[in-house]
Amino acid sequence: MTQDPALEALGLPPIDQIGFVVKDLDTWARQFGPVFGPFTYMDGSVQAADFRGHSEDVRLKIAFGSSGDLEIELIQWLDGTSPHSEFIQSGREGLHHLRYRVTDTDAWIEKLATVGYTPYWYKRWNADTVFAYLEHPEFPLYLELLQMPESGAGKPGP
């Protein structure tokens, strides 16, 4: 997959996840199962994330598959406000974002701003775990930055 040349110049790590926003998670998981399965499911709901300048809650159903080291994420929006609700309500479904695991989400947000990317969904889960979705007016996919220890997100906190 070719990415934005400006991103390559910044030295982002390799893409580790491709995210799809879908209307019917079970149907997509069944269709993608032979290639990316088996899928594992989880509640992907997020409370009090900053979405376009407002604190918003969202309920999401998520399934994870893989192709080698590349994670495939299927996300079904259930209710609330997030990038996923915005995507589905605009009449779209399918490929949504590329994820990069980083050691410092906030530092990468600053670097990506230099090439026109702006954050529009952001949540600091705790001191070690932060995620952000970024958009660019001329790049058709969103970027997700995830800062999280390999052991997992841990407990919510300041």
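Before you click, two notes. This is a predicted model, in which local features need pLDDT of at least 70 and side-chain atom pairs count only at pLDDT 80 or more, while totals for chains, interfaces and linings use all residues. Residues are numbered from 1 along each chain as its sequence is written, and side-chain values use heavy atoms, with hydrogens and water left out.

**The whole chain**

Show the C-alpha trace. Along its principal axes it spans about 40 × 35 × 35 Å. The radius of gyration is 15 Å, which agrees with the value near 15 Å for a compact globule of 158 residues. It is taken over C-alpha atoms, and the globule rule is 2.2 Å times the number of residues to the power 0.38.

Switch to a surface. The protein exposes about 8200 Å², and carbon and sulfur atoms supply 54% of that. Areas come from the Shrake-Rupley method with a 1.4 Å probe; for residues, only the protein chains shown count as cover. Buried residues make up 44% of the 158. Here buried means under 20% relative accessible area, exposed means over 50%, and partly exposed lies in between (1.4 Å probe, protein chains only).

Now colour by charge. There are 12 positive and 23 negative side chains, and the centres of the two sets lie 5 Å apart. Lys and Arg count as positive, Asp and Glu as negative; His and the chain ends are not counted. Each charge is placed at NZ of Lys, CZ of Arg, CG of Asp or CD of Glu.

Consider contacts too (heavy atoms within 4.5 Å). Of those with a separation of 6 or more, 59% join residues 24 or more positions apart.

**The largest core**

Select F20, F32, L74, L112, L134, L143 and L145. Among the 26 residues of the largest nonpolar core, these touch the most other members. Such a core is a set of buried Ala, Val, Leu, Ile, Met, Phe, Trp, Tyr and Cys residues joined through side-chain atoms within 4.5 Å. Several elements each supply at least two residues of this core, including strand 1 (17–22), strand 5 (70–80), helix 4 (105–113) and strand 9 (139–147). Helix 2 gives the largest share, 5 residues. In soluble globular proteins, nonpolar side chains tend to be buried together.

Zoom in on F20. Beyond residues up to four places away in sequence, F20 touches W28, F32, I72, E73, L74, I75, G94, L95 and H96.

**The second core**

A second, separate core has 17 residues, among them A49, F51, I62 and W121. Pick A49, in strand 3. A49 is buried, with a relative accessible area of 1%. Setting aside neighbours within four places in sequence, A49 contacts H54, S55, E56, W121, Y122 and K123. T81 is 32 residues from A49 along the chain, and their C-alpha atoms are 9.5 Å apart.

**Backbone stops**

Most residues other than glycine have a negative phi, and most peptide bonds are trans. Which residues does the cis peptide bond join? Select G37 and P38, where omega is about 0 degrees. P38 is in the loop between helix 2 and strand 2 (40–43).

Go on to A48, in strand 3 (residues 46–51). Its phi is positive, near 55 degrees. A48 is partly exposed at 42% relative accessibility. Then take R52, in the loop between strand 3 and strand 4 (54–67). R52 also has a positive phi, about 50 degrees, although it is not a glycine. Its relative accessible area is 36%, so R52 is partly exposed.

Find L10 in helix 1. Is L10 buried or partly exposed? At 22% relative accessibility, L10 counts as partly exposed. L10 touches W108, K111, L112, T114 and V115, not counting residues up to four places away in sequence. L10 and L145 are 135 residues apart in sequence and 14 Å apart in space, C-alpha to C-alpha. E8 is in helix 1 (residues 5–10) and is partly exposed at 49%.

End at Y100 in strand 6. At 0% relative accessibility, Y100 is buried.

Key
Helix = DSSP H or I, 4+ residues; strand = E, 2+ residues; numbered from the N terminus.
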